[in-house]
Amino acid sequence: MSVCLGDFLQTGLRRICRVLAYQPTAKAERLYQKGVGFKNGDGEEKNLRESFRLFKEASESGHTEAIKELAECYLHGRGCERDLVKAA
């Protein structure tokens with residue numbers, strides 16, 4: 001059984017790119033965690049508008065949990081106007 005080195009490397013690079021594409025950046029994670037803090041009032045004063053802003057910024061970097069939180073904000077009008085289209 002012969003495996004071409006080029007095919008082996010290409011498959012490995014494809015896997016690495018897929019993993020990296022789905023991992024949030026450190027900045028997005030910090031924004032998300034800070035947003036959760038503002039949402040719950042942990043360590044900071046509870047501020048839903050600020051948590052919405054932070055979730056939105058983190059979601060633009062592809063942070064999946066921030067995307068879910070942003071949808072919840074739109075669904076319930078937390079820190080923004082309620083928008084069922086954007087929530088979906």
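Me: Where is Ser-51 placed?
Reply: In this predicted model, Ser-51 belongs to helix H3.

Me: Is Ser-51 buried or exposed?
Reply: Ser-51 counts as buried because its relative accessibility is 1%, and the cut-off for buried is under 20%.

Me: Which residues is Ser-51 in contact with, leaving aside neighbours within four places in sequence?
Reply: Gly-35, Phe-38 and Lys-39 are in contact with Ser-51 on that basis.

Me: On to H2, then. Which residues are buried there?
Reply: The buried residues of H2 are Ala-28, Leu-31, Tyr-32, Gly-35, Val-36, Gly-37 and Phe-38. What covers them includes helix H3 (48–59) and helix H4 (64–76).

Me: How many residues has H2, and what is its reach?
Reply: H2 spans residues 26–40, which makes 15 residues. From first C-alpha to last it reaches 21 Å, close to the 21 Å expected at 1.5 Å a residue. Just after H2, Gly-41 takes a positive phi of about 75°.

Me: Now charges. How many salt bridges are there?
Reply: The count comes to 5 salt bridges. One of them pairs Lys-27 with Glu-57, with the closest N and O atoms 3.9 Å apart. This pair links distant parts of the chain, since Lys-27 is in helix H2 and Glu-57 in helix H3, 30 residues apart.

Me: What does Arg-53 pair with?
Reply: Arg-53 forms a salt bridge with Glu-50, at 2.6 Å between the closest N and O atoms, and another with Glu-57, at 3.2 Å from N to O. Arg-53 and Glu-57 are separated by about one helical turn because they are 4 residues apart in helix H3. Salt bridges that share partners join Lys-27, Glu-50, Arg-53 and Glu-57 into one network.

Me: Why does Arg-53 count as partly exposed?
Reply: Arg-53 has a relative accessible area of 41%, so it is partly exposed; that class lies between 20% and 50%.

Technical notes. Residues are numbered from 1 along each chain as its sequence is written. This is a predicted model: local features need pLDDT of at least 70, side-chain atom pairs count only at pLDDT 80 or more; totals for chains, interfaces and linings use all residues. Side-chain values use heavy atoms; hydrogens and water are left out. Helices (H or I, at least four residues) and strands (E, at least two) are DSSP runs, numbered from the N terminus. The expected span of a helix is 1.5 Å times one less than its number of residues. Buried means under 20% relative accessible area, exposed over 50%, partly exposed in between (1.4 Å probe, protein chains only). Contact means heavy atoms within 4.5 Å. A salt bridge is a side-chain nitrogen of Lys or Arg within 4 Å of a carboxyl oxygen of Asp or Glu.
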